[in-house]
Amino acid sequence: MSEYRTTAAAPVLVAAFLGRIFGVDPVTGRVLWEHKQDGAGNSATALLITPAAIYTATFSSVACLRYPTGELLWQSETAHGHGRATLLLEGDRLFVAKGGEIQCFSLTGQCLWHNRFKGKGIGAVAMGVPDNNAQSDDTN
């Protein structure tokens, strides 16, 4: 009788800063891939990772990379805002919030709507629905 064994590979560690996203081997620390996001400048980079995708947002763009390879699937412009973006994935919608504004994107990168909350102020945004929420991070 033969025994079938598999060795589970360690998941790819994803790190991001200054608009650069890295796939890192968590065992060795070796960089496996790198993606430079357009329009990032020196802004903070937000990450949201699922088993199939990496969503990332910077000062002026949101992108989706394939997990674990880092292949760019799409990238879209966002409203310019202050501080690190807050990301929330709910069903087939990706919500991107920053500077007192929220944008809703399809999972193919199309902006579906944008609410500026005109006259309500500028600040970090927390978002959520039952059992799924994302706290704001006002780090620049």
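Student: Is C111 buried, exposed or partly exposed?
Tutor: C111 is partly exposed, at 34% relative accessible area. Bear in mind that this is a predicted model.

Student: And how many disulfides are there in the whole structure?
Tutor: A search of the whole structure gives 0 disulfides. For C111, the nearest cysteine sulfur is that of C104, 7.5 Å away. The cut-off for a disulfide is 2.5 Å between the sulfur atoms, so C111 is in none.

Student: Is C64 buried or exposed?
Tutor: C64 is buried, with a relative accessible area of 2%.

Student: OK, charges now. How many salt bridges does the structure hold?
Tutor: There are 3 salt bridges in the structure. One of them joins R20 to E34, with the closest N and O atoms 2.5 Å apart.

Student: Which strands do R20 and E34 sit in?
Tutor: R20 is in strand β2, residues 20-24, and E34 is in strand β3, residues 31-36.

Student: Next pair. What does R66 pair with?
Tutor: R66 meets E71 in a salt bridge, 2.9 Å from N to O. R66 counts as partly exposed at 36% relative accessibility, and E71 counts as partly exposed at 41%.

Student: And which residue is the partner of R93?
Tutor: R93 forms a salt bridge with D92, and the closest N and O atoms are 3.8 Å apart.

Student: Why does 3.8 Å still count for R93 and D92?
Tutor: The cut-off for a salt bridge is 4 Å, so the pair R93 and D92 at 3.8 Å falls within it.

Student: Is D92 buried or exposed?
Tutor: D92 is exposed, at 53% relative accessibility. The cut-off for exposed is over 50%, so D92 passes it. R93 is partly exposed, with a relative accessible area of 32%.

How values were computed
Residues are numbered from 1 along each chain as its sequence is written. This is a predicted model: local features need pLDDT of at least 70, side-chain atom pairs count only at pLDDT 80 or more; totals for chains, interfaces and linings use all residues. Side-chain values use heavy atoms; hydrogens and water are left out. A salt bridge is a side-chain nitrogen of Lys or Arg within 4 Å of a carboxyl oxygen of Asp or Glu. Helices (H or I, at least four residues) and strands (E, at least two) are DSSP runs, numbered from the N terminus. Buried means under 20% relative accessible area, exposed over 50%, partly exposed in between (1.4 Å probe, protein chains only).
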